[in-house]
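Here is a colleague's note for someone opening this entry for the first time. Please keep the model on screen while you read.

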2 protein chains.
Amino acid sequence: MIKALLFDVDDTLYDSTTLAEMARRNSVRAMIDSGLPFRDEQELYEKLLHIIKTFGSNYPKHYDELLRYLNIPWNPKIIAAGIVAYEHTKFGYLKPFPGVIPSLIRFRKKFRLGVVSNGIAIKQWEKLIALGLSHFFDVFVTSGEAGVEKPSVEIFTLTAEKFGLDPRECVMIGNKLDVDITGAGNAGMETIWFRREENAHLKHEGKGPDYIIESFFELIPLIEKITQ
Amino acid sequence: MIKALLFDVDDTLYDSTTLAEMARRNSVRAMIDSGLPFRDEQELYEKLLHIIKTFGSNYPKHYDELLRYLNIPWNPKIIAAGIVAYEHTKFGYLKPFPGVIPSLIRFRKKFRLGVVSNGIAIKQWEKLIALGLSHFFDVFVTSGEAGVEKPSVEIFTLTAEKFGLDPRECVMIGNKLDVDITGAGNAGMETIWFRREENAHLKHEGKGPDYIIESFFELIPLIEKITQ
């Protein structure tokens, strides 16, 4: 019997892909506005993506590295312009996907709710808090705390343990087939793939999802069907 | 003849005191809301001030230290709640004082404009950019770059040099008697003390201000009088 619903955070509870793209595009635009000697926003955006890929998305000095990569002397005004534009854009996009809040309010009556997320604990909590979702969840496991990342079976079994539940009593909802769905499936959980349009072509290699949704509005009737 | 106007940033171009107090009070409130076992917001706020005083205002882990000081185990949800509340509050308060923007637009026609600020270059630029003021200033000197802090005469003479001017051709406008006014005065600049109500009782020890204003609306007629 299903007793807990587990959620991924990024691109499951909110649109992290759009947030990152828009925040980075606006940071590039602001750096040009602040004097970066470049006019081609698209080209500069692609160079920034290269820096982010090289140093990792949690590296704190992407804009310093971008200037170095472009052979432009370190310039605090340009770097600050990038940071401020990123932060202000983030503020506008850090909103739950449509249907998330009503779903969680409904689920909260019958299930325990948790989050399983790769990433740094404080950073992931910051997102849930800014999203206004932090109070819905009883259990929150990040790879930073667990010591292993999804799709490791251990991070899912650890989450079930924190609830005092068997993994078979948990449903995992996530956007990534390999990371969220195959991992949780291997741990014995039921799985729901939140399939966003751009991922509709993806095929799973390991264990596939038990169910597929394309919006949170489909989640309430699906959970009611599964748990009848 | 006056050719450049120099400004301090914090508590001169915007209300940094109110921003910091409100952001810290909201961070304390959010930490309690997120489970910090404390009910007295005022007491917790005072403990946070103690931590900030101990570690310095630019230390990046005030909330981690606050939990340690309270003997509460490290908790990423509570720490994240403090950070998010601080950032969101900051966003609302980072606005120029009334009269700042029209004054700068007016001054920009006749003078070169600069900033002389103690602090870290990127952090101070972030403020000017978020305030929407960054494009007004030709010269921006921070203590981080200059290697000395206000009230050292050197930071003021360096600023004048960056304009290619003699210090006697510059007016310094700032809120701190000792840091902004005496320092710039010793460097040979004319000085205008932006005296906020809570500082009205202060007396200067070194060189006093040449002029006093209590709002930016007084600055345009004063500058016109001085430079006639």
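1. Basis. This is a predicted model, where local features need pLDDT of at least 70, side-chain atom pairs count only at pLDDT 80 or more, and totals for chains, interfaces and linings use all residues. Residues are numbered from 1 along each chain as its sequence is written, chains are lettered from A and ligands numbered from 1 in the order written, and side-chain values use heavy atoms, without hydrogens and water.

2. The sheet. Chain B holds an open sheet of six strands, paired in parallel, in the order β3-β2-β1-β4-β5-β6. The edges are β3 (139-142) and β6 (211-213) of chain B, each pairing on one side only. Neighbouring strands are turned by 20 degrees on average, direction ignored. Helices (H or I, at least four residues) and strands (E, at least two) are DSSP runs, numbered from the N terminus. Two strands pair if DSSP finds at least two bridges between them.

3. One pairing. In chain B, β1 (residues 4-7) and β2 (residues 112-117) run parallel over four bridges. B:Leu5 has B:Leu113 of β2(B) as its bridge partner.

4. Helices on the sheet. Helix α6 (residues 121-130) of chain B lies across β2 and β3 of chain B, at about 135 degrees to β3(B). Helix α9 (residues 177-186) of chain B touches β4 (170-174) and β5 (190-194) of chain B, at about 165 degrees to β5(B). Angles run from 0 to 180 degrees between N-to-C directions, with axes fitted to C-alpha atoms, for helices over the stretch in contact. Contact means heavy atoms within 4.5 Å.

5. The interface. Chain A gives 22 residues to the contact and chain B gives 22 residues. The chains bury about 2100 Å² between them, 77% of it on carbon and sulfur atoms. That is accessible area (1.4 Å probe) lost when two parts are put together, summed over both. In chain A, A:Lys77, A:Phe91 and A:Ile122 lose the most area to chain B, together 27% of what that side buries.

6. Salt bridges. What is the count of salt bridges between chain A and chain B? The count is zero. Over all chains, the count comes to 32 salt bridges. The rule is a side-chain nitrogen of Lys or Arg within 4 Å of a carboxyl oxygen of Asp or Glu. One of them joins A:Arg196 and A:Asp15, whose closest N and O atoms are 3.3 Å apart. These two residues are 181 residues apart.
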